[in-house]
Amino acid sequence: MANEGAVTAITAKRLTLALCAAGVIGGAVGAVAVNHNNATAAAEAAALAAQAPAPVAAAPAPVAGNPVGTNLPDFTKIVSHNGPAVVNVRVVGSHKVAQRQMPQFDEDDPFFEFFRRFQPQQPRGGNGGNRELVFGAGSGFIVSPDGVILTNAHVVRDADEVTVKLQDRREYRAKVLGSDPKTDVAVLKIDAKNLPVVPIGNTRNLQVGEWVLAIGSPYGLESSVTAGVVSAKGRNIDTNGVQFIQTDVAVNPGNSGGPLFNTRGEVVGINSQIYSQTGGYQGLSFAIPIDVAVRIKDQIVSTGKVQHAKLGIGLQDVGQDFADSFKLDSPDGALVRNVERGSSADKAGLKSGDVIRKVNGQPIISGGDLSAIVSVARPGDKVQLDVWRDGRAVQLNATLANANDKPEASDRDNLAGLDKGAKLGLALRALDPLERRQSGIMSGLLVEDAGGPAQVAGVQPGDVLLSVNGKPVTSVEQVRDVVGKSSKSVALLIQRGDEKIFIPVRIG
């Protein structure tokens, strides 16, 4: 109680002095008050400290090798050395806009002349619309002394004119050598020599928690520098197979295409996307790994185009339900949902229900891991696949095809199955000949009604069951047999419209 009395005895004047000393209250008056009462404040603070109880336990020591306040990167050196190789990219383009139609008024109506005067005129020989100018801006960085520049494909999309501005204020008209919307990488070329370049690193050694630095032109503010840490690696945020680097570096519109540096001043990524509900930075930024960007750049510079490889399968991730169904020791791998007929996967012997665990010895944790490996490969590359099938390991070899090749009709191998029983809650029947011809499904069981665990899992009336736990089924008896041998869950391969999807159903 004595201590409490001493604390509450602090006057408003003394509290003001303490806050001023801490920098909470600023201004010339506060500064004078602190200087005038410096000795008094110090004496009172010492008296209060003497009356305070001793701490219960000492604070934990910092982690060995990371003393507080040391080992922070010197961003000034990175900026001064590599900043001149970061450029501002300005784009002028156009797109077609529909011709606005004038409201229909009688010529005697007083509003007719008003709308006629302000209605945009259709160009002679009109094509049904006008061209509207579009302006954009982004960032980029020089990777070759003769003027080769990397940026984002979306920065220069539909560009009629691209201008590159260097840090020393020189400006050049740039040519777009090529762009790849799939990976969002574009290559520009300006007519210049002896330009500063950035050193290229790699993402293999990049660690989560490592400091990184971005330089770019957010909102047109050129040569802006922001820093943060790597929040995660291998983020699959779209369907194009790029495994993004996630950071908490402040990236905003205009940063797109700019470099992401590690603490050694090497470029490890191209800032490309942000997660935002407002259009501005909200703590989640994503960069394209520089390894991917360099592969794309090399193809564009050498051939003027980009070719992507394709295996020819549809994938799903393996959750715990699937792991239980397929008797996997862990929920890792890429579950093959469907196989394109005539594709590399089909020729290699892959089947719906296979779980790909490794590619060329590299573990596959999710479907995105497999997509990322294929996305940076080239047509003709050979891959070795470690597959889990029917409770045992199988090894297959495939030669990747060109993603630009048109697929044949979807794989219609004999897949089917589902049961009418309490465990699943499904009412099933075989497809009649007319339904088989109309759907193109040669065998299967039509879901007439769904309830219980199957309904909860997402099975719907009208779905066609193709297989259970990877085993094709053509009768209700087959479904009952497979389900009866399962204890926790079953994986149902469903045909819904033109799509095949695996649905895990818990039965335990």
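Mentor: A nonpolar core is a set of buried Ala, Val, Leu, Ile, Met, Phe, Trp, Tyr and Cys residues joined through side-chain atoms within 4.5 Å, and we shall look for such cores in this predicted model.

Trainee: How many residues does the largest nonpolar core have?

Mentor: Within this core, the residues with the most contacts are Phe-141, Leu-150, Val-198, Phe-261 and Ile-288. A second, separate core, which includes Ala-309, Leu-311, Ala-345 and Leu-370, has 22 residues. The largest core, for its part, has 25 residues.

Trainee: Is the ring pair of Phe-75 and Trp-211 stacked or edge-to-face?

Mentor: Phe-75 lies in helix H5 (residues 75-82) and Trp-211 in strand S7, so their pair ties together parts that are 136 residues apart in sequence. The ring centres are 5.8 Å apart and the planes stand at 65°. Because planes over 60 degrees apart count as edge-to-face, the pair of Phe-75 and Trp-211 is edge-to-face.

Trainee: Are Phe-322 and Phe-502 buried or exposed?

Mentor: These two residues form an edge-to-face pair, with 6.1 Å centre to centre and 80° between the planes. Phe-322 lies in helix H8 (residues 320-325) and Phe-502 in strand S26 (residues 499-506), so the pair ties together parts that are 180 residues apart in sequence. As for accessibility, both Phe-322 and Phe-502 are buried.

Conventions: Residues numbered from 1 in each chain as written. Predicted model: local features only at pLDDT ≥ 70, side-chain atom pairs only at ≥ 80, totals over all residues. Heavy atoms only, no water. Buried < 20%, exposed > 50% of the residue type's maximum accessible area, 1.4 Å probe, protein only. Phe/Tyr/Trp six-rings, centres within 6.5 Å; stacked < 30°, edge-to-face > 60°. Helix = DSSP H or I, 4+ residues; strand = E, 2+ residues; numbered from the N terminus.
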